[in-house]
Amino acid sequence: MEIRPYEPSDADEFWELKRAFELGLGSGTGGDDKADLYEGKLTGEYRERYLDWVEWCVNRDERCVTVADAGDELAGYVFVLPNELAFIWDAAILNEVFVRPDHRGTGVADELMDAAVALADDQNLPLDRLVLDVDRENDRAGAFYERHGFDHWGEMVAKEL
């Protein structure tokens, strides 16, 4: 398994990972309404805008998006926002981490998390911490983050627009 920076040639396969990530958010921790909401946003326009944003981020720091390359496929990825966006939460921001189900339990997620922590550690942050939004109902993700030393730090709330 090679842990390496995202490359533009990864875009199509990376999008499939991102799509699976989003569908998992919708179906794994909510009812049909949440699943429909997440699936509904995955349009061609969203794909284009998202991949443009990925490119914007990796142009600021190529390590922002790190992939696990299994040779025949991308096994997963981790996405840490570039240092310029640290003021969103006054910390490094772990935007997403996803590993294909058939690669879970193999250590790939741990390697990706190590890459995320290394990048965050190199950032010039107002607060020396790495933060992320995780659904409290996602027990598998919660256990993973706890194993990596994450603690609850506030709670996010949202208002529908």
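Which residues are linked with Arg4 in a network of salt bridges? Glu7, Asp10 and Asp69 are. A salt bridge here puts a side-chain nitrogen of Lys or Arg within 4 Å of a carboxyl oxygen of Asp or Glu.

This is a predicted model, in which local features need pLDDT of at least 70, side-chain atom pairs count only at pLDDT 80 or more, and totals for chains, interfaces and linings use all residues. Residues are numbered from 1 along each chain as its sequence is written, and side-chain values use heavy atoms, with hydrogens and water left out.

## Salt bridges

The structure holds 12 salt bridges.

| Pair | N to O distance |
|---|---|
| Glu96 and Lys18 | 2.5 Å |
| Arg100 and Glu13 | 3.3 Å |
| Arg100 and Glu73 | 3.4 Å |

Take Arg100 and Glu13, which form a salt bridge with their closest N and O atoms 3.3 Å apart. This pair links distant parts of the chain, 87 residues apart: Arg100 is in the loop between strand 4 and helix 4, and Glu13 is in helix 1. Helices (H or I, at least four residues) and strands (E, at least two) are DSSP runs, numbered from the N terminus. Arg100 is buried, at 19% relative accessible area. Glu13 is partly exposed, at 28%. The cut-offs are under 20% for buried and over 50% for exposed, with partly exposed in between (1.4 Å probe, protein chains only).

Arg100 also meets Glu73 in a salt bridge, at 3.4 Å from N to O. Glu73 lies in the loop between strand 2 and strand 3, and Arg100 in the loop between strand 4 and helix 4, so this pair ties together parts 27 residues apart in sequence. Contact means heavy atoms within 4.5 Å. Leaving aside neighbours within four places in sequence, Arg100 is in contact with Glu13, Leu17, Glu73, Leu74 and Ala75.

The side chains of Glu96 and Lys18 meet at 2.5 Å, N to O. Glu96 sits in strand 4 and Lys18 in helix 1, 78 residues apart, and the pair links distant parts of the chain. Are these two residues buried or exposed? Glu96 is buried, at 6% relative accessible area. Lys18 is buried too, at 2%.

## Nonpolar core

A nonpolar core is a set of buried Ala, Val, Leu, Ile, Met, Phe, Trp, Tyr and Cys residues joined through side-chain atoms within 4.5 Å. The largest one has 46 residues. Which of them touch the most other members? They are Tyr6, Phe14, Tyr77, Leu94 and Tyr145. Several elements give two or more residues to this core, among them helix 1 (11–28), helix 3 (44–60), strand 4 (92–99) and helix 5 (139–147).

Tyr6 touches Ala11, Phe14, Leu51, Val54, Val58, Glu62, Val65, Thr66 and Val67, not counting residues up to four places away in sequence.

Phe144 is found in helix 5. Phe144 is buried, with a relative accessible area of 14%. Beyond residues up to four places away in sequence, Phe144 touches Ala109, Asp110 and Met113. Phe144 and Ala109 are 35 residues apart along the chain, with their C-alpha atoms separated by 8.8 Å.

## Cysteines

How many disulfides does a search of the whole structure find? The search finds 0. A disulfide is a pair of cysteine sulfur atoms within 2.5 Å. The sulfur of Cys57 has its closest cysteine sulfur in Cys64, 5.7 Å away, too far for a bond. Cys57 is buried, at 0% relative accessibility. Cys64 is also buried, with a relative accessible area of 0%.

Ile88, Trp89 and Met156 form a nonpolar patch on the surface, with about 290 Å² of accessible area together. Patches are made of residues with over 30% relative accessible area and no salt bridge; like charges are joined within 9 Å, nonpolar side chains (Val, Leu, Ile, Met, Phe, Trp, Tyr) within 5 Å. Accessible areas come from the Shrake-Rupley method with a 1.4 Å probe, and for residues only the protein chains shown count as cover.

Trp89 is placed in the loop between strand 3 and strand 4. Trp89 is partly exposed, at 30% relative accessible area. Asp90 is in the loop between strand 3 and strand 4. Asp90 is partly exposed, at 32%. The phi of Asp90 is near 55°, a positive value in a residue other than glycine.
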